[in-house]
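Trainee: Please take a close look at one part of this model for me. I would like the contact surface between the two chains.

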Amino acid sequence: MAKVTVDGIVVEVPNGSNVLQACEAAGKEVPRFCYHERLSVAGNCRMCLVEIEKAPPKPFASCAYPVADGMVVHTDSAMVRKARRGVMEFLLINHPLDCPICDQGGECDLQDQAIGYGGDTSRYTENKRAVKDKNLGPLVKTVMTRCIQCTRCIRFATEIAGVPELGATARGESMEVGTYVEKALTSELSGNLIDICPVGALTSKPYAFVARPWELKKTDSVDVLDAVGANIRIDTRGPEVLRVLPRLNEDVNEEWLGDKSRFAVDGLKRRRLDACWVRRDGKLHKASWPEAFEAIAGKLKGLDGSRIGAAAGNLADAESLLALRDLMTALGSANLDCRQDAAAVDVARRDFYSFNTSIAGIEEADALLLIGTDPRAEAPLLNARIRKRWVAGKFPVAGIGPQADLTYNVEWLGNDPALLTGDHPFFQVLRDAKKPMLILGQGALARPDGAAVLAAAWKLAAETGMLLPDWHGFNVLHTAAARVGALDLRFLPGKGGKDLAAMLGGGVDALWLLGADEFDTGRIGASTFVVYQGHHGDRGAARADVILPGAAYTEKNATYVNTEGRVQRGFLAVQPPGEAREDWKVIRAFSQLIGRTLPYDTIEAVRARLEQANPVFARLDILPRFGAADTAGPAGDPAAVSNAPFVLPVANYYQTDVISRASPTMAQCTQTLRPALAVAAE
Amino acid sequence: MAEHSDSATAETFEQPTEFAFDSASRAEMATILAKYPAGRQASGVLPLLYVVQRQMKRATGSAWVPRVAMDAVARELGMPPIRVYEVATFYLMYNTKPVGKYHLQLCTTTPCWLRGSDEVVAACRKATGIKGWHETSDDGLFTMTEVECVGACVNAPILQVNDDFYEDMDAALTAELIAALRRGEPPPRGSMTGRLNSAPAGGPTTLTTLDSHPAE
């Protein structure tokens, strides 16, 4: 540790820290543009100048100057202020005075710091430089004349996103940031460039000229478009969600957010179900809530519990899942399923179906095996964590499954599940590692021999030293935000109950779909009465006999459990449109109509019941790390693994659910970045 | 407002669609890359770009580095293409667009300017018909580029043609030189006034009485 005095305040910082970090530790704000905690140090904006005593009499760039014991730093001396004013004047020489038409206005580092260090007039009478705008694809808008060449975007793309496509070409006054050859950025994390750009050079294309930051109401929430559960802030104005930004959570998403989670929100305004619909004479007619309820009650009357079933979708919250489960139990039905992909699961223990290492724990691991998964498409933030670990060095990664470009080197062992049961030189690498881990994707579980793959993967984990008293290296990566919560609530076929496949094809007479759209609805029996409760008019609603409009994740106070098993809460940012209501309330209201009233009226009561159903719901936000206490594996015969190749669950990252399929921005991304898939869809 | 004419998005020339190293280049590359330890081959990006530029001179008569060639260098060195673009556009001695058969590189830095580089520039313009910098004459023979100090100030002003220095230039000598180049008869490089290297003009001025071979 080094003892540093900053403006008279003595702080101790680790050796190797830079002066800027010492100033932060002392609570002194140092202005900066190019420095970013998570990126390498560039030291090229020169805004973070400070004065250091007993050093050469000149201002020092604090971000690029290491601390020394006994150093005395001044962040607010006359020399520092003068030097920063000089730097600011240079920065503003070529920066356009277009704040009134700039989307960064109000949340612009340059604007803010110009208040502190900018001059009141310009001494520069020559022409300002103008730079041609670049086309970086459908998400990031560029106004390159505003660029102050801090190179944060270049470093983010190269270091964090792992797509070295941005660079600074030419030099001096002609220097330009761009891709040189025009191309859309191929990263799923490109939206973060907008956040890290300190000026208005990179802004959001879909959000261009939409609103000013001070007009927005900000609501903290949780993302549900993948199973990572990234922490987000929902910015709204009136009844509209205008944008989604990441919120800092070191354990989950750090300060990043995937492009789908950030930009798919325009799908929340399209194809919405805002009224009840009832099918009469083969056609859907608008109806009131009582009419819709009567239609369902009439159908259910006299129906045996075993002829009623329910399937939950990928965006369902824990409260609605619980209410629907309780309703089905009240109706005497054990036909429940939350797995539209028919993934194998063993809920005997929680570590059989969750990401036990935890996302932050990836950084401790020292070897990784991927099984039937493409984390870049299934969970880009988790993939960024793996890359972060890989960049740190000494992290062999191998994969069994279809090859994918994951932004780090992967030794592909082949797409043969039987490899799991054999031996491979890489398994010795795992055995030699201190904290090896494996990630089992849904591509490996959603197949007829899924249970066998699950058991084989566990066995492999046990054999290669992944299951230790203080280290749990067995991980299941889910793709659905609702999945782990649903498994925690055992939203699964009960005793003698049917799974979704058995319910289809006439296995039940009445099927309640809670936002379930990700299966072939054509397989539902022709005479099956379908209730679709959800927020988007997609596959499920098209087949429904009664549609009950529900709330999307931005429109309800709801609990979600991410792939790690972390229980997190989202909050209502806007009211659901039209007649739509929060899903658990709808189910509660319906239960009353049929005389089987569920025992809760308030969200607090539902949550008390959640905790009763599974105590994990009491542990909000916190995820205790644990080792593998018991190495006994899940049910399933490891030897029964077939050699049919794995198929990845997410073909197109940009369109995986009803919201992203309704989003024009995501459609554009598909067109630009997955052209082969866009053509196939037509 | 000054637009960036050399921005990659405003190309007025055609980029070739493919590039492959020829055998001469391959031989050069082997020598160059042997200098770097294994895994550090990316350090060879500068000499490799020069290999490309020389090969283009041999093959097309115009010494420049097309984009496909930068991609080829990137592949060769296992680095992202953008990193090669950054290097190639940073250093002014790589031409990222085609130049004429004779690339006239005129030094206008202070010593050359004091010794009359303006005159040389004017003579070049007159003889070739080129108006601005980085432009190529209509016949494709000449390109004029303004360069910073080329390090031969003792014989200022300097006119560098491709890789050769022509020194002690003035308007008349420039016109003569360009006429000779046009005929395809480039004169020997060095001082155009006939002095040896940077020896005093008109012969030695010191040690004139020293007999280097005193009689016994």
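Mentor: Start with the polar pairs. Across the interface of chain B and chain A, five residue pairs are in polar contact, with both residues at pLDDT 80 or more. A polar contact is a pair of N or O atoms within 3.5 Å; within protein, one must be able to donate a hydrogen and the other to accept it, and residues adjacent in sequence count only if both atoms are side-chain atoms. Salt bridges number zero here (a side-chain nitrogen of Lys or Arg within 4 Å of a carboxyl oxygen of Asp or Glu).

Now the elements. On the side of chain B that touches chain A, α3 (67-77) and α4 (81-90) of chain B each supply at least two residues. α4(B) gives the most, six residues. Helices are DSSP runs (H or I, at least four residues), numbered from the N terminus.

That side of chain B divides into eleven nonpolar, five polar and four charged residues. Ala, Val, Leu, Ile, Met, Phe, Trp, Tyr, Cys and Pro count as nonpolar, Asp, Glu, Lys and Arg as charged, and the others, Gly among them, as polar.

Next, extent. 20 residues of chain B are in contact with 22 residues of chain A (heavy atoms within 4.5 Å). The two chains bury about 1,900 Å² between them, 57% of it on carbon and sulfur atoms. That is the accessible area (1.4 Å probe) lost on being put together, summed over both.

Some conventions. This is a predicted model: local features need pLDDT of at least 70, side-chain atom pairs pLDDT 80 or more, while totals for chains, interfaces and linings use all residues. Residues are numbered from 1 along each chain as its sequence is written, chains are lettered from A in the order in which they are written, and side-chain values use heavy atoms, leaving out hydrogens and water.
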